[in-house]
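I opened my notebook for a friendly look at a new model. Here is what I looked up, entry by entry.

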Number of protein chains: 2
Amino acid sequence: MFKINDNYLKLPGSYLFSTIGKKVNAYAAAHPEKKIIRLGIGDVTQPLAPAIITALHGAVDEMGKAETFKGYAPDLGYEFLREAIAENDYRARGCQIGADEIFISDGAKCDSGNIQEIFGPDNKIAVCDPVYPVYVDTNVMAGRTGVYDSASETWSDVIYMPCVAENDFAPELPGKTPDIIYLCFPNNPTGSAIKKAQLQEWVDYANKVGAVIIYDAAYEAYISEEEVPHSIYECQGARACAIELHSFSKNAGFTGVRLGFTVIPKELKCGDVSLHSLWARRHGTKYNGAPYIVQRAGEAVYSPEGKAQLKQQVAYYMNNAKYILEGLKEAGYTVSGGVNAPYIWLKAPGGMTSWEFFDFLLEKANVVGTPGSGFGPSGETYFRLTAFGSYENTLEAVNRIKGL
Amino acid sequence: MFKINDNYLKLPGSYLFSTIGKKVNAYAAAHPEKKIIRLGIGDVTQPLAPAIITALHGAVDEMGKAETFKGYAPDLGYEFLREAIAENDYRARGCQIGADEIFISDGAKCDSGNIQEIFGPDNKIAVCDPVYPVYVDTNVMAGRTGVYDSASETWSDVIYMPCVAENDFAPELPGKTPDIIYLCFPNNPTGSAIKKAQLQEWVDYANKVGAVIIYDAAYEAYISEEEVPHSIYECQGARACAIELHSFSKNAGFTGVRLGFTVIPKELKCGDVSLHSLWARRHGTKYNGAPYIVQRAGEAVYSPEGKAQLKQQVAYYMNNAKYILEGLKEAGYTVSGGVNAPYIWLKAPGGMTSWEFFDFLLEKANVVGTPGSGFGPSGETYFRLTAFGSYENTLEAVNRIKGL
């Protein structure tokens with residue numbers, strides 16, 4: 001008789017955003033007359049930029065003619081896209097990352113979920129708390145997290161690094177030594193950022209203890225402050241200890257287009273074995289590349305027109321962030337984030353739990369956010385709002401909350 | 001210090017098609033004047049059908065307008081596509097498969113590689129020999145295959161089911177009892193097919209011994225004979241034991257577009273746990289859906305225009321298959337396949353090994369095929385040619401081989 005992977009059964013409840021979706025759908029079905037504003041899941045709302053639409057149409061036309069039709073993509077992605085990334089995201093910032101160290105994929109969620117596969121079962125992971133649930137859940141599925149304690153909502157073999165108001169939502173070096181450290185800055189869900197000198201401490205620490213940092217840079221396009229690094233490779237020594245994950249979802253609105261990439265420098269090794277070679281093998285064996293038309297759309301992100309249009313798009317969302325941040329402050333909320341990230345992190349008022357505030361906001365203001373506790377125990381009593389709504393909806397949502 | 005997944009190091013050599021690519025590139029670099037014809041990797045060459053191009057352009061336009069822009073797709077895929085699949089691939093053939101048992105993905109290669117994750121480490125797998133390398137390699141990566149013996153090129157914990165001329169390239173029920181059985185019909189690489197009564201025996205066997213069948217139906221569009229089943233769910237009892245994988249790569253030329261789906265009937269359980277729920281959890285946690293525009297392209301595959309155009313496209317390739325099959329027979333080769341599948345399987349002449357014949361064909365005829373031994377030990381001395389070239393190239397390749 002076949003046996004299932006029973007690590008899956010250890011996962012408590014369903015994936016956070018599935019749960020939110022079900023709650024919102026139930027409310028909407030019961031109250032069809034209400035206009036619900038969704039500032040929850042972090043999905044974008046602005047249409048793709050014209051330069052991207054043009055690139056997509058052009059690539060579709062190529063696929064319709066025998067002379068320009070494209071079949072299987074190169075394993076690691078098309079050279080034109082990897083080269084554009086290497087030039088714009090790295091060399092232009094003084095980071096030494098080559099096009100052949102970049103792996104194109106269908107998104108940072110997939111990569112952040114799959115990357116743990118190239119590591120053995122005995123690694124101890126460290127995560128910020130609160131944290132993007134995928135990092136922990138995929139390690140649970142791989143049997144790497146020990147036993148779940150439902151009272152504390154923590155796993156016995158996971159090192160949690162609390163990020164709370166008291167430490168300005170920046171993790172401190174852990175007491176126990178981890179093997180794999182997940183960091184995401186600008187941070188999802190707290191919207192906080194750290195400075196280059198702070199990140200350098202993490203790189204130095206990882207090199208000292210022989211840990212790998214999995215650095216999720218999905219929100220780097222939202223950085224507005226000078227001292228905040230856009231890439232971990234701005235730090236000395238990062239090539240020897242860090243993997244970096246990137247998304248096109250938030251900087252270019254590709255949540256429904258699906259494109260991302262992972263950087264693994266060739267120096268990053270365990271003994272003689274380079275992680276680059278392992279990830280290349282995974283790509284070659286379990287993946288068949290992102291669609292050609294989507295890779296052309298990714299290339300357009302780096303064109304002069306694309307850059308100009310996307311700068312505007314990011315500014316549009318950051319204007320929303322500012323409106324939420326200031327509006328909630330005026331209304332007496334304790335808020336943070338929203339300066340280098342499209343997320344606003346607020347304290348639930350009146351001693352409410354995160355889910356109590358979720359229900360309260362859904363019922364009283366018909367506004368959907370994300371309960372902080374869904375991101376980890378230190379997220380309890382916090383709540384995340386995103387700046388990815390339309391301006392009009394954001395305005396209305398904030399005004400509704402102010403009126404509560 | 002972090003530890004790698006050392007199962008990866010057990011994999012002998014690189015992924016088959018990467019090796020072929022490197023050999024061909026080296027030959028092309030050394031002989032820039034030669035026109036190489038590639039009938040190796042199984043990549044298609046005909047452009048996307050007009051109905052699909054129209055659908056793609058339409059969806060791209062939707063992505064460019066705020067009112068019709070689409071962000072994250074539903075976890076399991078858009079209803080419009082799942083419903084089209086349920087209707088056309090299943091209900092129209094009398095198979096009881098609901099839209100909610102269909103999971104949209106970015107391709108059958110990914111699904112066939114990822115599906116093993118929902119099973120525990122102790123399952124014993126059975127594969128046809130020769131076989132699509134992804135089935136075995138992904139189980140190696142998961143540590144499920146035991147020790148590799150380089151003399152026999154087999155894994156100690158894998159049950160091999162030889163498919164050779166003597167059994168008409170159809171596997172026999174294994175002597176040892178497997179937990180997971182991989183079957184692919186019409187078969188890659190041999191191009192053989194089995195009849196419904198034969199497949200029913202496998203379903204009955206799996207239900208008897210408590211095994212799961214992972215049934216790869218990627219080539220079903222090429223079936224030309226009445227008695228060959230298009231889906232395993234045409235067999236009684238398959239809902240309790242079978243997962244089915246589908247691709248849009250070969251029936252619609254989506255190798256560079258990326259779309260596929262997996263069917264898991266809700267009856268398929270291990271104790272109380274449905275495999276459907278596990279795969280749904282994996283999708284929700286590690287995947288973010290196929291691109292909206294690509295799912296619309298998939299829908300167009302089932303439109304009346306799409307169906308008519310793709311019937312022609314399949315006929316075009318099968319005309320190539322016929323030409324290869326007959327041409328090689330005339331030239332004195334022992335050949336099979338090519339009737340219900342776009343693959344022709346031939347015996348290397350003059351006692352050559354598969355790789356010897358690969359080199360011979362590359363050097364003497366500048367034709368690229370795939371060495372049978374790359375698919376498993378029983379593939380040794382065999383060789384695969386695909387019908388996916390252009391008609392002109394196929395003609396020329398066959399004529400070159402005839403002239404050797």
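**The axis.** I looked for the residue of chain A that comes closest to the rotation axis and found A:His57, with its C-alpha at 3.1 Å. I noted that the same surface serves both copies, since 100% of the contact residues of chain A recur in chain B; contact here means heavy atoms within 4.5 Å. I then checked the rotation itself: 180 degrees with 0.0 Å of shift along the axis superposes chain A on chain B, at an RMSD of 0.0 Å. That is the relation of a two-fold axis. The superposition is by least squares on the C-alpha atoms of residues with pLDDT of at least 70 in both copies.

**Ground rules.** I kept in mind that this is a predicted model, in which local features need pLDDT of at least 70 and side-chain atom pairs count only at pLDDT 80 or more, while totals for chains, interfaces and linings use all residues. Residues are numbered from 1 along each chain as its sequence is written, chains are lettered from A and ligands numbered from 1 in the order in which they are written, and side-chain values use heavy atoms, leaving out hydrogens and water.

**Chain A overall.** I counted eleven helices and 17 strands in chain A; these are DSSP runs, H or I of at least four residues for helices and E of at least two for strands, numbered from the N terminus. The C-alpha atoms of chain A fill a box of roughly 60 × 55 × 50 Å along the principal axes. Of the 404 residues in chain A, 63% are buried, meaning under 20% relative accessible area with a 1.4 Å probe, protein chains only. I also looked at contacts in chain A between residues at least 6 apart in sequence: 73% of them join residues at least 24 apart.

**A:Ser274.** I found A:Ser274 in strand S12 of chain A, residues 273–274. A:Ser274 is buried, with a relative accessible area of 14%. Not counting residues up to four places away in sequence, A:Ser274 touches A:Lys266, A:Leu268 and A:Lys269.

**B:Ser249.** Where does B:Ser249 lie in chain B? I traced B:Ser249 to the loop between strand S9 (242–247) and strand S10 (260–263). Is B:Ser249 buried or exposed? B:Ser249 is buried, with a relative accessible area of 4%. Leaving aside neighbours within four places in sequence, I listed the contacts of B:Ser249 as B:Val44, B:Phe254, B:Thr255, B:Arg258 and B:Leu259.

Definitions and conventions:
Buried means under 20% relative accessible area, exposed over 50%, partly exposed in between (1.4 Å probe, protein chains only).
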